[in-house]
Each structure stands twice: as C-alpha cells, then as structure tokens.
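Open the model in a viewer and keep a selection panel at hand. The stops below follow one another, each with something to select and what is found there.

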Amino acid sequence: MTQGSDTRPEGETIDPNALPPHAYHRTVGPALQVAADVAARRGHKHLFDDMPAMLGLVDLVTRLADLYIAYYPDTPADHRLLLDNAATAACVMVFQEARLDADTIDHLLRALEAAYAQAQTQAVLEGSERYVAMAFSHLDEMDRDPGRHCLKQACEHVVAAIEVWRGETQ
C-alpha cells in the first residue's frame, strides 16, 4: 500500500482489474478470496467490517505484488504502477462492493494506510512473508489449492499478530 495521500491515486481511479490476468490471478484474486474467508470464519459477514482481515489483505497483496515484480522483472512500467497500487485497489474493490460512498472509502483507505505503516514500523507483520513466498510459488505454478492454503496461513498469522498488537496498545 503506497504511503501518503500525495502518492496514492484517488480511490475510484484504482482498478485492479486493469492488471493483466496473469498478474491478477497471482496477486489480488487469491488474496481477496482468502481474506474474505478469514473474515467470515471470524464472524464477519463482510470483509470490510474486519480491520485485522483487511490489514491481512493489504499485507498479502503487497507482498504478492512485490514477488510478482521480482519474479517477472520485465513487467512493463504501467503494470508495475498497477502492482504498486494493487493493495489499495483491492481495498477499494471491497469498499465499493459494500456500497460505501467515496468519502467513506477515502477515510477508510487512509486509516488502513496508517495502521499498515504503523504495524510495519513496529514489526508486527513479520513472519507472514515466508507463507506468502510459498503461496506465490504455488500460484505461479497454477497450484491454486496449496497456494490458497499458504495465503490462509499468512493471513491468519497477520490477523493474530494484529489482535495481539491491538491488545497491547489499548
């Protein structure tokens, strides 16, 4: 997720569907599915309602997009820009599906960006990267079930770490 309002495109102009299918199915698509499943298991009917799961989505998409760029260094510049903003775009998709208005979406994006930056600064999210790397490898080989399983482990790790962190900061 890009930092600061100066570099983040407006919420309604971000479209993860603009990614080529090869990139989307290795970054945004599986992460959205896993984060929604994790939120549902936590008792949230809607993903946007579960802040730790939303932060899990941000972390998954951010790490998957970084891996995609590393694995495919010849990715065109315009696709790299889309990948750099893929986590924000995924969140916008979730918020738009919930039929939230543009001002609310912008407010929620800022809150997620701030929380994600703080969690990164305080090393709350460490540990998920190994699961995401395994997931990317599986997804890149079109092994979707093992890939989703690894993403689920990563997302659950992030959610648990955030819950502990929230308990410590309250």
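In which helix does aspartate 59 lie? Aspartate 59 lies in helix α3, and the tour returns to this residue below.

**Conventions**

This is a predicted model, in which local features need pLDDT of at least 70 and side-chain atom pairs count only at pLDDT 80 or more, while totals for chains, interfaces and linings use all residues. Residues are numbered from 1 along each chain as its sequence is written, and side-chain values use heavy atoms, with hydrogens and water left out.

**Whole chain**

Show the whole protein as a cartoon. There are eight helices and zero strands; helices (H or I, at least four residues) and strands (E, at least two) are DSSP runs, numbered from the N terminus. The pattern along the sequence is α-α-α-α-α-α-α-α.

Switch to a surface. The protein exposes about 8,500 Å², and carbon and sulfur atoms supply 50% of this area; accessible areas come from the Shrake-Rupley method with a 1.4 Å probe, and for residues only the protein chains shown count as cover. Of the 170 residues, 45% count as buried. Buried means under 20% relative accessible area, exposed over 50%, and partly exposed in between (1.4 Å probe, protein chains only).

Contact means heavy atoms within 4.5 Å. Among the contacts with a separation of 6 or more, 74% are between residues 24 or more positions apart.

**Aspartate 59**

Select aspartate 59 and color it by accessibility. Aspartate 59 has a relative accessible area of 0%, so it is buried. Leaving out residues up to four places away in sequence, aspartate 59 touches Tyr116, Leu125, Ser128 and Val158.

**α3 against α7**

Next select α3 together with helix α7 (residues 128–140). Their axes come within 10 Å and cross at roughly 55°. Axes are lines fitted to C-alpha atoms, for helices over the stretch in contact, and angles run from 0 to 180 degrees between N-to-C directions. α3 and α7 are therefore oblique to each other: angles under 35 degrees count as roughly parallel, over 145 as roughly antiparallel, 65 to 115 as roughly perpendicular and the rest as oblique.

α3 passes α7 in a right-handed crossing. A crossing is right-handed if the near helix is turned clockwise from the far one by less than a right angle, and left-handed if anticlockwise. To display this contact, pick Asp59, Leu60, Arg63, Leu64, Leu67, Tyr68 and Tyr71 on α3, and Ser128, Glu129, Val132, Ala133, Phe136 and Asp140 on α7. These residues divide into eight nonpolar, one polar and four charged. Here Ala, Val, Leu, Ile, Met, Phe, Trp, Tyr, Cys and Pro count as nonpolar, Asp, Glu, Lys and Arg as charged, and the others, Gly among them, as polar.

**α2 against α3**

α2 passes α3 in a right-handed crossing. On the α2 side, select Val28, Ala31, Leu32, Val34, Ala35 and Ala39; on the α3 side they meet Ala53, Leu57, Leu60, Val61 and Leu64. The contact divides into eleven nonpolar, no polar and no charged residues.

Apart from neighbours within four places in sequence, histidine 44 is in contact with Ala39, Asp49 and Asp50.

**α3 against α4**

Now select α3 and helix α4 (residues 77–84), which pack at an angle of about 160° with axes 9 Å apart. α3 and α4 are therefore roughly antiparallel to each other. Ala65, Tyr68 and Ile69 in α3 meet Arg80, Leu83 and Asp84 in α4. Four of the residues in this contact are nonpolar, none polar and two charged.

In the loop between α3 and α4, select threonine 75. Is threonine 75 buried or exposed? At 11% relative accessibility, threonine 75 counts as buried. Beyond its neighbours within four places in sequence, threonine 75 is in contact with Tyr68, Arg80 and Leu83.

**Two positive phi values**

Finish with two loop residues. Alanine 123, in the loop between α6 (102–121) and α7, has phi near 60°, a positive value in a residue other than glycine. At 35% relative accessibility, alanine 123 counts as partly exposed.

Methionine 142, in the loop between α7 and α8 (144–169), has phi near 65°, again positive in a residue other than glycine. Methionine 142 has a relative accessible area of 46% and is partly exposed.
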